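Q: I have a chain open here and want to go through it with someone. Can we start with the annotation and then look at the fold?

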Amino acid sequence: MGSASIKNKKLSTPSPVDALLGSLIAGVIAVFLYKFTTTIEAALNRQTVSDNFSVRQITITIRTIVNGLCYLATFVYGFNSLGLFLYSGQLALNPIMEGSMISENKNKDEENVGSVSSVKQNAIEGSELSSSRERED
C-alpha cells in the first residue's frame with residue numbers, strides 16, 4: 001500500500017531554497033566536525049608515546065587512522081555544503097536561462113519556417129517526445 005503511493009509520485013527537482021538550506025546544514029555540521037577533529041588531534045598529540053617499538057608503531061598507526069577518518073568526514077560535509085550551494089545557485093538561475101533559451105528558439109523557428117532543417121528538427125523532437133512518454137508509462 002505504501003510503496004504504491006511512492007511509485008505514483010513524480011520526482012521533482014528541489015527548490016533553490018531546499019538546496020540552500022541543505023547547504024547551510026551541511027556547512028554547520030562541517031564546522032562542528034572540524035572543531036571536534038582538531039580537539040581529538042590535540043588530545044592525541046598530548047599523550048606520550050611508549051619507548052617500545054611495537055607499541056609506538058601501533059599507537060602512531062591508530063592516531064593516523066583516527067585523524068584521517070575525522071578529517072575525511074569533515075571535508076566530505078564541507079564539499080557537500082559547497083556542492084549544494086552551487087546547486088542552489090544553478091536552480092535559482094535555471095528559470096532565467098530557460099526563458100532566454102525559449103525566446104532564442106522562437107526567433108530561430110521564425111527564421112526557419114518551412115525550411116528542410118526545421119522539418120527535420122521537428123521530426124526529431126517529436127520522436128524524442130513520444131519515446132519519453134513511452135518511458136514514463
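Q: Which residues does the UniProt annotation "transmembrane region" cover?
A: Residues 20–44 and 65–87, according to the unreviewed UniProt entry. Keep in mind that the model is predicted.

Q: Helix or strand in residues 20–44?
A: That span is 100% helix and 0% strand. Its end C-alpha atoms are 36 Å apart.

Q: And how far apart are the end C-alpha atoms of residues 65–87?
A: They lie 32 Å apart. Residues 65–87 are also 100% helix, with 0% strand.

Q: What about the protein chain as a whole, how many helices and strands?
A: Four helices and zero strands. From the N terminus, the order reads α-α-α-α.

Q: Which helix is Asn-67 in?
A: Helix α3, which runs over residues 53–111.

Q: Is Asn-67 buried or exposed?
A: Asn-67 is buried, because its relative accessible area is 14%, and the cut-off for buried is under 20%.

Q: What does Asn-67 touch?
A: Leaving out residues up to four places away in sequence, Asn-67 touches Ile-40, Glu-41 and Leu-44.

Q: Changing topic: what share of the protein chain is buried?
A: Buried residues are 11% of the 137 in the protein chain.

Terms used: Residues numbered from 1 in each chain as written. Predicted model: local features only at pLDDT ≥ 70, side-chain atom pairs only at ≥ 80, totals over all residues. Heavy atoms only, no water. Helix = DSSP H or I, 4+ residues; strand = E, 2+ residues; numbered from the N terminus. Buried < 20%, exposed > 50% of the residue type's maximum accessible area, 1.4 Å probe, protein only. UniProt positions renumbered as here; feature names shortened; annotations may be inferred. Contact = heavy atoms within 4.5 Å.
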